Amino acid sequence: MGGIKVMKQNETKFWICDNCGKKIENIKDGWVEWLEVKDQNGNYRNKSIRIVHRGKCLYNQDLVYKKYKAIVADTDLEDFSGLDGLIDLLSYISEGNFDNNEEVLEIIKRIHIPGYEEARLYFEEAIYDGVFEPNTKPGYYSQRDIAAVLDYIKGK
């Protein structure tokens with residue numbers, strides 16, 4: 001009798017905090033947050049999704065409200081990992097709740113594509129140095145290209 005094959009747990013080794021730029025080495029230390037801003041019709045629109053350290057690198061709710069009249073929405077980084085986290089992020093795109101779906105797609109790649117988070121800061125440099133020749137939309141590289149960039153980083 002066949003069953004559902006469960007994919008491997010996330011293979012990302014660390015994430016880079018979008019606030020301080022330092023590594024988040026344990027998924028339990030990560031947090032995902034975004035701003036919910038009311039539009040002219042009174043509906044909330046989401047923007048500025050980011051991955052940060054839990055506790056110390058979070059948006060300041062009071063400042064966010066004063067500056068943008070927005071509230072902070074957030075959850076554990078771990079909540080967006082795994083297949084349920086992926087489907088939640090995809091539903092945000094499907095529902096059109098974010099002003100910029102590319103922001104959500106970038107978060108999906110950072111959380112769910114093995115090696116992407118480590119390689120993403122080096123893509124342009126690696127392309128310039130001839131590590132791989134991109135034949136896709138920027139930021140949508142194959143696992144082979146990501147592996148080549150990771151090897152490039154190790155060789156530096």
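In strand 5, D74 is the residue that stands opposite E33. This pair belongs to a predicted model, in which local features need pLDDT of at least 70, side-chain atom pairs count only at pLDDT 80 or more, and totals for chains, interfaces and linings use all residues. Residues are numbered from 1 along each chain as its sequence is written, and side-chain values use heavy atoms, with hydrogens and water left out.

Strand 5 covers residues 70–76 and runs antiparallel to strand 3, with seven bridges joining the two. Strands here are DSSP runs of E at least two residues long, helices are runs of H or I of at least four, and both are numbered from the N terminus. Two strands count as paired if DSSP finds at least two bridges between them. Strand 3 also pairs with strand 4 (residues 44–53), again in the antiparallel sense, over eight bridges. On that side, W31 has V52 as its bridge partner, and K38 stands opposite Y44. Five residues sit between the strands of this hairpin, and G42 takes a positive phi near 85°.

Put together, that gives an open sheet of three strands in the order 4-3-5, with antiparallel pairing. Strands 4 and 5 are the edges, each pairing on one side only. From one strand to the next the twist averages 25°. Strand 3 (residues 30–38) is mostly covered, with seven of its nine residues buried; buried means under 20% relative accessible area, exposed means over 50%, and partly exposed is in between (1.4 Å probe, protein chains only).

Now for the helices. Helix 2 (residues 82–95) and helix 3 (residues 101–112) have axes that come within 9 Å and cross at roughly 170°. That makes the two helices roughly antiparallel, a label for angles over 145 degrees. Axes are lines fitted to C-alpha atoms, for helices over the stretch in contact, and angles run from 0 to 180 degrees between N-to-C directions. Helix 2 brings G82, G85, L86, L89, L90 and I93 to the contact, where they meet N101, V104, L105, I107, I108, I111 and H112 of helix 3; contact means heavy atoms within 4.5 Å. Sorted by class, this contact has nine nonpolar, four polar and no charged residues.

The largest nonpolar core holds 21 residues, and W34, I51, L89 and I111 have the most contacts inside it. Such a core is a set of buried Ala, Val, Leu, Ile, Met, Phe, Trp, Tyr and Cys residues joined through side-chain atoms within 4.5 Å. Strand 3, strand 4, helix 2 and helix 3 each give two or more residues to this core, and helix 3 has the largest share, at four residues. A second, separate core has eleven residues, including Y116, F123, V149 and Y152.

C20 lies in the loop between strand 1 (15–16) and strand 2 (23–24). C20 is partly exposed, at a relative accessible area of 34%. Not counting residues up to four places away in sequence, C20 touches H53 and C57. C20 and V52 are 32 residues apart in sequence, yet 7.9 Å apart in space, C-alpha to C-alpha.

As for the whole chain, there are six helices and five strands, running β-β-β-β-α-β-α-α-α-α-α from the N terminus on. Of the 156 residues, 37% count as buried.

Notes:
Parallel < 35°, antiparallel > 145°, perpendicular 65-115°, else oblique. Nonpolar A, V, L, I, M, F, W, Y, C, P; charged D, E, K, R; others polar.
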